[in-house]
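Grab a pencil and work through these exercises with the structure open beside you. Try each task before you read its solution.

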Amino acid sequence: MALTHDPNLPVNLDTSHKPHHGWSVFEQNGAVWVSYDAAPKPFYVGRQHSYKYTYKVNRQRRTLVTAGLSRPGYGRHEGKFRYVPEDWNEDFNYWPELIYPTAYAESFADFTSMNFWDRAGFTPGFIQLAAHTKDDLLPLFERLISEIPEETAKFFPELSLVEGRLAFLAGSQFRFLDVSDPAENSLPVDTDVERGLFMGFFNHDRTRLDVDKEEQHAAARWLVWSLTSAEMRRIQVASSIENMQQSLDKLHKLLRQTAQRKYPNGVDGMRCDHLAAALAVPHLAPAKTYLAVGALKKNNVLRAFERLEYGPGKREKNVVHAVRLRGAKLSQLAFDLGSGHPVPT
């Protein structure tokens, strides 16, 4: 079938699509659930979460309240699927150890963690790859379509690769999603949105103070796919490592520029407990990478990282806590720049 590009094609998730026979997304007791015939019982998808943003307009401070679906990695709800480095170390040359502290700070290392309430529109997975940027969730979907096309079409049939680019399909028409169009129904805090059409596909109207149907169905599809496909989880790990490699490159260059006395070779040869703590900073707060360099210069590196302030929710403390949880593994690894991965010492 010949496809036609339509730059004005409405980009909407099909809430009537059923990945499995008997598929049903429903609300009960203030939460969203999904069930289907082959599942022994319904899966908990998440519940509404409200959040306040403070921003300025003409030097006037204003407050914005948003709401969206939330499924955090903490709490007592059932159905968590933890990211465990040992499951992936052999396939990815110990990189899974290196990214674990960041994953723990982002989601308590849970593959099924999801967030629809913040300015990213949709942020799923154990390391929380966001929909609003060009380097996070969109490249992951391109990889999912390329490597497991049948699975991707089962859960997200609206998305495809056209001329090697991620696109939204509707019959014989398509619209590219790897473009910098602004988000529809935008918010005053949408100052750094790079992929507005893509985030809007998952979360159509973020101005609402409740959870819309697109969020519910996108979350249900992602949840069941994450729980039932080992290959989908493997691709998540691979994409997350590639994403973190960008953070490593940024840290390495800055170390070579500003910390030559202690780190003349940048990250090459660095202890991986220290490196894991440092990598979290450019991933969680890219503009504050210089703070990671400063902490690496201290005598007690982990204590220095614990005292940094580079993100909400005590991220810096959770990162260091996770480094200590993996201490025996991480402290016995050093990063080898030549091979591009950690190696046992």
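This is a predicted model: local features need pLDDT of at least 70, side-chain atom pairs count only at pLDDT 80 or more; totals for chains, interfaces and linings use all residues.

**Exercise 1: one side of a helix**

Which residues of α9 are buried, and what do they pack against?

Solution. Step 1: list the buried residues of α9. They are Thr-289, Ala-292, Val-293, Ala-295 and Leu-296.

Step 1: look down the axis. These residues cover an arc of only 165°, so they sit on the same side of α9. Here's the handy rule: an α-helix has 3.6 residues a turn, so residues three or four places apart point the same way.

Step 2: see what that side meets. The buried residues of α9 pack against α7 (230-258), α8 (272-284) and α10 (301-306).

Step 3: zoom in on Thr-289, which belongs to helix α9 (residues 289-296). Its relative accessible area is 3%, so Thr-289 is buried. Leaving out residues up to four places away in sequence, Thr-289 touches Lys-250, Leu-251, Leu-254, Val-281 and Pro-282. A polar atom of the Thr-289 side chain also lies 2.8 Å from the backbone oxygen of Pro-286.

**Exercise 2: two open sheets**

In what order do the strands of the four-strand sheet run, and is the pairing mixed or antiparallel?

Solution. Step 1: the four strands go β1-β10-β9-β8 in an open sheet, and the pairing is mixed. At the edges you find β1 (4-5) and β8 (159-162), each pairing on one side only.

Step 1: β1 and β10 pair in the parallel sense over two bridges, with Thr-4 opposite Gln-173 in β10. β8 and β9, on the other hand, run antiparallel and are joined by four bridges. Leu-161 has Leu-166 in β9 as its bridge partner.

Step 2: check the turn. The hairpin of β8 and β9 has two residues between the strands, and Glu-163 takes a positive phi near 55° there.

Step 3: move to the other open sheet. Its six strands follow the order β2-β3-β4-β5-β6-β7, with antiparallel pairing. β2 (24-28) and β7 (123-124) are the edges: each has a single partner strand, so one side of each has no neighbour in the sheet. Five bridges join β2 to β3 (residues 31-35), and one of the pairs is Phe-26 with Trp-33.

Step 4: α6 lies across β2, β3, β4 (43-57), β5 (60-71), β6 (114-115) and β7, at about 125° to β4. Glu-215 is part of that helix. At 0% relative accessibility, Glu-215 counts as buried. Glu-215 and Phe-116 are 99 residues apart in sequence, but their C-alpha atoms are 7.1 Å apart.

**Exercise 3: aromatic rings**

How many aromatic pairs does a search of the whole structure find?

Solution. Step 1: the search gives 31 aromatic pairs.

Step 1: take Phe-141 and Phe-202. Their centres are 5.6 Å apart with 50° between the planes, a tilted pair. Phe-141 is in helix α3 and Phe-202 in helix α5, 61 residues apart, and the pair links distant parts of the chain.

Step 2: now Phe-198 and Phe-202. This pair is edge-to-face, at 5.0 Å centre to centre and 85° between the planes. The two are four residues apart in helix α5, so about one helical turn separates them. Phe-198 and Phe-202 are both buried.

Step 3: widen the view. Phe-141, Phe-198 and Phe-202 are among the members of one aromatic cluster, which also includes Phe-116 and Trp-222.

Note on methods: Residues are numbered from 1 along each chain as its sequence is written. Side-chain values use heavy atoms; hydrogens and water are left out. Buried means under 20% relative accessible area, exposed over 50%, partly exposed in between (1.4 Å probe, protein chains only). A polar contact is a pair of N or O atoms within 3.5 Å; within protein, one must be able to donate a hydrogen and the other to accept it, and residues adjacent in sequence count only if both atoms are side-chain atoms. Contact means heavy atoms within 4.5 Å. The arc is that of the directions from the helix axis to the C-beta atoms. Two strands pair if DSSP finds at least two bridges between them. Axes are lines fitted to C-alpha atoms, for helices over the stretch in contact, and angles run from 0 to 180 degrees between N-to-C directions. Rings of Phe, Tyr and Trp (its six-membered ring) pair if their centres lie within 6.5 Å; planes under 30 degrees apart count as stacked, over 60 as edge-to-face and the rest as tilted.
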